[in-house]
Amino acid sequence: AGKEQDGVVVPTSGGRYDVHLRARQRVAVYWEEEAAQVRRCTWFYKGDKDNKFIPYSEAFSEELEEAYMIAVTLGEWKKKLESPNREVIILHNPKLMVHYHPVASSDDWVSTPTEQGRPRTVKRGVENIAVEIPHGEPQQIDHLVFVVHGIGPACDIRFRSIVQCVNDFRNVSLSMLQAHFKKAQEQQQVGRVEFLPVNWHSSLHSTGVDVDLERITLPSINRLRHFINDTILDVFFYNSSTYCQTIVDTVASEMNRLHRLFLQRNPEFTGGVSIAGHSLGSLILFDLLTNQKADPEEDEHCAQGSRTTSGMGGIEEVKEILKKLELSEYCDVFEKEKMDRQALFLCTEKNLKEMGIPLGPRMKILHYISHKTEMKVCNSRALAAPTQPCDTSTEIVSERSCTSLSQVSANYPQLNYKPTIFFAFGSPIGMFLTVRGVKRIDPNYSLPTCKGFFNIFHPFDPVAYRIEPMIVPELDFEPMLLPHHKGRKRMHLELKEGLTRMSVDLKNNLLGSLRVAWQSFTRAPVPALEAASSEAEAEAEAGAEKQPDTKAEEPPAAGKEETPSINVGRLNGGHRIDYVLQEKPIESFNEYLFALQGHLCYWESEDTVLLVLKEIYQTQGITLDQPLPGSQ
């Protein structure tokens, strides 16, 4: 039995830690972390200023237990025991056991235990201890999410690591599941979502680059320079071909390793995998995803599915193309040949000639096919980080007509899975694409292996940029406002909108009243025509009320972002991409003061976590108990 216990390993904390019973150690499974000591707790002590009971070591607890059993058996109490730290414990009776502080000196004039101040309370067993032992997390895991951090080793305002921040994110997700998916939990449709951190910073800075930087760093303002070397320079490292390769290799290999290890430890797992990135981490993931290779068989299967399901829709699309080319008279020919969009793009000049299409229309159709094909290739290359010079001249994505974008060249590894959704928190993707020379993202472009993309940001986040204006630059529209996790908007935002509407209404009414008064003042009084005059005033007043309405400012509507149907392309499957959080009341007083906090707030944001859970479970056909106002 003893040998069997030597190898006993108990998974804890949702399987993220293993407890080795023999060694009494708690070891992290998925990331590097110093092993923590584990104690089998039977005896505790608590001082006046302590807010919880503290366990004794197992060895000393055994001594206490032995002395206690002898005292109970023989009825001999008031026994004294001395701990390894020279602390004195006196067992007066089963209900009164005290612990005195260690003796300050070892001379003969030392004070007796009763004169050493207030003693601590000693307790045997865990009964009546006012502490809630958690029941643990649900065993059923529905989805796996890998989370990649941004610049530096610290991820929030309290300088905590990515592991600690992801722990907070996971804890918030468990509380959101209990609050918003209670019905699905009761029906055992929902377990939990597992979030695992991906750390690339330590691998980058273990390459020896820190030693090279130390040699050239000035000695003044040492702490600031060290912070810059350890944090800010990560952005420049990613734009270096040498260190960019190190970063992407680390992120991809770490996510693949975590995925394999997770499947080994959870062989019954059948859920999907999503990825999330904060700050620079989101850009790394975006570049990785744009360079993934889609499965040709799957693409062909999807194309066949679209052909069989859309049928007449494909023929109608061909008619629209012919109409655009002013060749509508040939619609019947293409319909007779059952020609859809995909078949049209496979046509050669010989095929069109056999269909009886004259030379002029043939040239128009072939030029259109060639132009669209080059456009698609150029767009995919311009979005990818390792872009090579493109020998075509289009105006789809780059202001410089798809010439070389001077981007960093790297060999991007392939992931072992196809992510379901990509979440970006406080992301600078839009800015980096613009700096790389990408003018516009083709509305038909989508990530090769990931069909969902959400860009989530705080309104005061100085690092975050939008994506949707790069897809539809001709439209000016607001991002989707994330609803509060308790429903509706925050009170200060509703108050602000209400005051704005009221001020606009007052302004319009005041302008109308002044115009009527001025007309009445300048009009000559005619006593004989009082009735007609009153009618004229009424008409003038009505006209004055109508006129300012046409020129008046429109107050911001509470759900302005919900009403218009905006086509933002296929990057998120036709759904909205940009989502903005609601700032807290205290943050609205000074947006500059809370700018840094705005970039680091996502780990404990219930609204962010709820959107992530909602979108993940929506792919499984599971919805919130009560739909939140303003959500899609």
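The lining of the second largest pocket draws at least three residues from each of domain 1 (43-104 + 116-124) and domain 2 (141-292 + 412-487 + 579-620), the domain bounds coming from an automatic or database domain assignment. The model is predicted, so that local features need pLDDT of at least 70 and side-chain atom pairs count only at pLDDT 80 or more, whereas totals for chains, interfaces and linings use all residues. Residues are numbered from 1 along each chain as its sequence is written, and side-chain values use heavy atoms, with hydrogens and water left out.

A pocket is here an open set of points on a 1 Å grid over the protein atoms alone, where a 1.4 Å probe fits, with protein on both sides within 12 Å along at least five of seven lines, and its lining residues have an atom within 4 Å of a point. The second largest pocket is lined by 45 residues, among which Thr12, Ser13, Pro134, His135 and Gly136 lie nearest its centre. H3 (162-180) gives the most to this lining, with 4 residues; helices (H or I, at least four residues) are DSSP runs numbered from the N terminus.

Helix H8 (residues 241-265), which also supplies at least two residues of that lining, packs with helix H9 (residues 280-290) at an angle of about 80 degrees. The two helices are therefore roughly perpendicular to each other, a term that covers angles of 65 to 115 degrees. The contact (heavy atoms within 4.5 Å) is made by Ile247, Val248, Val251, Ala252 and Met255 of H8 and by Ile284, Leu285 and Leu288 of H9.

Terms used
Axes are lines fitted to C-alpha atoms, for helices over the stretch in contact, and angles run from 0 to 180 degrees between N-to-C directions. Angles under 35 degrees count as roughly parallel, over 145 as roughly antiparallel, 65 to 115 as roughly perpendicular and the rest as oblique.
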